[in-house]
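Colleague: Please show me the model, so that we may go through it by question and answer.

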Amino acid sequence: MATSTTAPDAGRREPRAGTPAREPARRPRGPLLPYLLLAPAIVLELAVHVIPMVVGVWMSLLELTQFHIRDWSTAPFVGWENYRATLDINSAAGKELLHSFWITLAYSLLSVGFAWLLGISAAVVLQRPFRGRALLRALFLTPYALPVYAAVITWSFLLQRDTGLVNHVLVDQLGLLNERPFWLIGDNSFWSLLVVSVWRNWPFAFLCLMAGLQNVPGELYEAAAIDGAGFWRRLRSVTLPMLRPVNLVLLLVLFLWTFNDFNTPFVLFGGSAPEQADLISIHIYRSSFKTWDFGSGSAMSVALLLFLLVVSAVYLLITNRRRDDHA
Amino acid sequence: MRETAGERWGRRIVLTLLTLFVVIPLYVMVTSAAKPLQDVQNGFTWWPSRPTLQPFVDMWSTVPLARYLVNSLVVSSIAAVCSVAVAIFAAFAVSRYRFRGRGVFSVTVLSTQMFPGILFLLPLFLIYVNLGNATGIELYASRTGLVITYLTFSLPFSIWMLVGYFDSIPRGLDEAAQVDGAGPLRTLFQVILPAAVPGVVAVTVYAFMTAWGEVLFASVMTDEGSRTLAVGLQGYSTQFNVYWNQIMAASLVVSIPVVVGFLALQRYFVAGLTAGAVK
């Protein structure tokens, strides 16, 4: 579940007139203590995240093919060569990467959009207490709690051409189609992947939006109702504006997750994703481990990271500016 | 505020559709696990006409499921406990002290969570392999390597959520303890931790779930001996046969502990999210 962006911390640093009491009391017990407390976390972060990232950038500048993997000190330095080879959209490798990029972008935007839509629908209709609400809430969270491979394997069973539920319902029971389509290869595979991803991710949106709705004071709805506001009007004028801070973080987090998604296609297609569902992480994984060319794999990973950093920065800039305009 | 008839029907329709969407795959998982192999191979049926528990017996011998299960259990439990222990100290520092680099630490740790896993995979793979060659410390294809990797994966979120919990514990309690002569560590263990038990438990379950469900690193960093469930479950599709009933049975068995744990603690996750993200 890893919800995390810089937002909470950024929020904390904003000047908050009138709430000085929130600032913790400062009782320095020697300036070293906080660093000692942090040391294990810092060491682990360095070892598993920071250093590998730096190494990854370095690797992207090497000719790190199968001859050099066991002892990479022998790998020759080639500078931008890996980037030129993989990112040149006129080359075959570049075309494939660009294709994978567009697929991934469409996948992320659609998946986030639907996940959010289902999440907000469920959060809004479960806002008011009724019998069975707790049960439904637990049920809706179940897809998210399942281990990803168990959930996705189940879906791949549903989507089997001859033995799956989907074709049984569409073809045998409803008679909507005359022929049993393939869902896990060809053009349909993109839509299959999308449905599975929405099924997995929407409970997370639901969980966050539900938490956000708990912070909306009930009086706001009372006041809106007294003013004669109907359901949609209350949704537009009370619920959505109050959820804005949650939505800002949620949409970005979901976007980054789905854009980096590896697990869903990897389990759904058993490691050989069809080109219509060739997400970028799968693309990099396969081209790295099929050809054992880690140099160009790293170059693509670094390019992916830079792209996501730019997207996140632009997103945060735009949303922050708009917030300032409103203030 | 009264609900209008339109709203009531809207609610029922939305809830029915969402319930169907969520339940159908779960239903298929449970019922297919109770079918003989022939019945899952000869077209789909909604109801198991010849219900059997045989798949739950066979699944242990088709693939070495017990070994995968033990590997996953060992790796996930150790990773979860270590991750939470490390996160408790870090969260205590961030919540209770102001020090140089505090902001940088929080931002860096949180942003690593958003980076593509594939970016770390290739270098980490090479580092583990080369470290093993150079020093003899086996991290590649060992459970130790997986533990270190997974405990770091859950660390950022664990720290972040615990900071939220610790922040909500009044500092007056710390001060009272300190007046009584308690040092920082005693304050942490005797005052703060007892008050943050739900948060600590929720974070432990989260860290366990993260390790239990991880696929990408498990598929590269393990060999036959250290393989975890995430990769092991693919063993049911062989060249000759796909044992769908056993796959569903195994999926069910490995899902139940985490689903139960998560659902039991979901309100603490909501509380943690409310304290953290939704500020």
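Modeller: Residues are numbered from 1 along each chain as its sequence is written, and chains are lettered from A and ligands numbered from 1 in the order in which they are written.

Colleague: Which helix of chain A has the lowest mean pLDDT?

Modeller: The pLDDT is the predictor's confidence in each residue, from 0 to 100; its mean over chain A is 84, and 88% of the residues reach 70 or more. Over residues 1-23 of chain A the value is below 50, although this stretch has 35 contacts in the model beyond near neighbours in sequence (a contact places two C-beta atoms, built from the backbone, within 7 Å). Where pLDDT is low, the predicted coordinates should not be read in detail. Among the elements of chain A, α4 (residues 92-125) has the highest mean, 94, and the lowest, 40, belongs to helix α1 (residues 7-13).

Colleague: How many helices does chain B have?

Modeller: Helices are DSSP runs of H or I of at least four residues, strands are runs of E of at least two, and both are numbered from the N terminus. Chain B has zero strands, and its helices number 14.

Colleague: What is the distance between the end C-alpha atoms of residues 69-265 of chain B?

Modeller: UniProt, in an unreviewed entry, lists these residues as "domain: ABC transmembrane type-1"; its positions follow the numbering used here, feature names are shortened, and annotations may be inferred rather than shown by experiment. The span is 77% helix and 0% strand, and its end C-alpha atoms are separated by 23 Å.

Colleague: Which residue just after α6(B) takes a positive phi?

Modeller: Helix α6 of chain B covers residues 117-135 and reaches 26 Å from its first C-alpha to its last, close to the expected 27 Å, where the expected span is 1.5 Å times one less than the number of residues. Its buried residues include I118(B), F120(B), P123(B) and Y128(B); buried denotes 20 or more other C-beta atoms, placed from the backbone, within 10 Å, exposed 12 or fewer, and partly exposed in between. Just after this helix, a positive phi of about 85° is taken by G136(B).

Colleague: Which helix of chain A gives the most to the side that touches chain B?

Modeller: In total, 94 residues of chain A are in contact with 91 residues of chain B. One residue of helix α2 of chain A is H49(A), which counts as buried because it has 23 C-beta neighbours inside 10 Å. Beyond residues up to four places away in sequence, H49(A) touches T112(B), F120(B) and T152(B). On the side of chain A that touches chain B, the most residues, 16, come from helix α2 (residues 33-59).

How values were computed. Predicted model: local features only at pLDDT ≥ 70, side-chain atom pairs only at ≥ 80, totals over all residues.
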